[in-house]
Amino acid sequence: MSFRISPSPAPTVELPSLMSAVVANGAHATLASRPLPTPAAGEVLLRVALAGVCRTDIAAASGLLGVPQGRVLGHEFAGIVVSKHETLPLGTRVAVNPVLPCGACPACRARPSRLCAQPNYLGLQRDGAFATFVSVPSSTLLPIPDTLPWRHAAYLEPVAASAAVLQAHIHPRQTGLIYGDNRIAGLTQRILAAHGFERIHILGTGDTELPADAFDFAVETCPQPDLLARLLHAVRPEGTIVLKSRADRNLDLPLALAVRRRIVLEPVFYGCFTSALELLCDNRLDLNDLLGEALPIEAFRDAFERAESRKTFLVPDPEFPLHPL
Ligand SMILES: [Zn+2]
Ligand SMILES: [Zn+2]
């Protein structure tokens, strides 16, 4: 990927000693004042430009994910480098891969290492980006061009998650179904379209009757107990069901039907973050109707509510020059 990266905007002010942060607090989240994080060896301090609100954040804020008290939430974000880094000058604009490999599982130990099977996340297992500053491992940084809007940079994680579907054994000439009434379904359709898939249909919970034998593959983005049974009929024999959603919930699998029709169940997790960033930088995805407003961090409750209908962002620092947004 080649593009111009310049340190912009330069950090003009001395770093403060305290910052605002949205932190887990039992079954609610609260706005707290926190000391600035101190980067450990191999880490870099970022000033957060913009952080997207995700369902995971809302679940964590509701106390559903067992996130410890006081943990700073937020994992979808972009910002600028404000502590010394070997190669990136102060002020470099960066997006971040918030999925941190454990380093110990067989996938991490494989050479070349593969996608970790038990990763930690910024904003869940360690402090995240609903804060004015966040410290992250240097390995998570992806420098971004000056022209990439901040909202697009902060949307990198959902794009990389949806781009995982490209790792399934599916082909642009095939007819596909994306099942789900959500932003991820719309985003996945656009990612497939950007890769030459022209015959992709979206159906959702309102479509109780799915056509039989109509698709070469189906992508599940919204788990319902009977969904696999329905998709097993909608996909042609020897077709593929791509498992995409990560809800901690069991689905019914009519085994005899799956075996008789020899349907391939193919789980995918994340696509490549660098490729996802290229997709964003090349402007190959029209995201305008998916991305919503950027609200000040103090309005996080309002932002959590609005995030149900559109991707909503938090602005931790009103002084941050958010251009282009
Ligand atoms: Zn997310
Ligand atoms: Zn691992």
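Visitor: Before we start, how should I read the numbering and the values?

Guide: Residues are numbered from 1 along each chain as its sequence is written, chains are lettered from A and ligands numbered from 1 in the order written. The model is predicted, so local features need pLDDT of at least 70 and side-chain atom pairs pLDDT 80 or more, while totals for chains, interfaces and linings use all residues, and side-chain values use heavy atoms, without hydrogens and water.

Visitor: Which residues coordinate the zinc ion (ligand 2)?

Guide: Donors are N, O and S atoms within 2.8 Å of the metal (3.2 Å for Na, K and Ca); water is not among the atoms, so sites may look incomplete. Here the SG atoms of Cys 102, Cys 105, Cys 108 and Cys 116 coordinate the zinc ion (ligand 2) at 2.3 to 2.4 Å. Along the sequence the spacing of these donor residues is C-x2-C-x2-C-x7-C.

Visitor: What arrangement do the four donor atoms around the zinc ion (ligand 2) make?

Guide: Four donors count as tetrahedral if all angles lie between 85 and 135 degrees. Around the zinc ion (ligand 2) the angles are 103 to 119 degrees, which makes the arrangement tetrahedral.

Visitor: And what are the protein donors of the zinc ion (ligand 1)?

Guide: Cys 54 (SG), His 75 (NE2) and Glu 76 (OE) lie 2.0 to 2.4 Å from the zinc ion (ligand 1). Cys 54 and His 75 link distant parts of the chain, 21 residues apart.

Visitor: Are Cys 54 and His 75 buried or exposed?

Guide: Buried means under 20% relative accessible area, exposed over 50%, and partly exposed in between (1.4 Å probe, protein chains only). Both Cys 54 and His 75 are buried.

Visitor: How much space lies in the largest pocket?

Guide: On a 1 Å grid over the protein atoms alone, a pocket is an open set of points where a 1.4 Å probe fits, with protein on both sides within 12 Å along at least five of seven lines; lining residues have an atom within 4 Å of a point. The largest pocket holds about 1300 Å³. Among its 38 lining residues, Cys 54, Arg 55, Thr 56, Arg 246 and Ala 247 are the closest to its centre.

Visitor: Where is there a cis peptide bond?

Guide: One joins Arg 111 and Pro 112, with omega about -5 degrees. Another runs from His 323 to Pro 324, with omega near -10 degrees.

Visitor: Which residue has a positive phi of about 60 degrees although it is not a glycine?

Guide: That is Asn 283. Asn 283 counts as exposed, at 61% relative accessibility.

Key:
Four donors count as tetrahedral if all angles lie between 85 and 135 degrees; four count as square planar and six as octahedral if opposite donors are over 155 degrees apart and all others between 65 and 115; anything else is irregular. Helices (H or I, at least four residues) and strands (E, at least two) are DSSP runs, numbered from the N terminus. Grid points are joined across faces, edges and corners, and a volume is the space filled by probe spheres set on the points.
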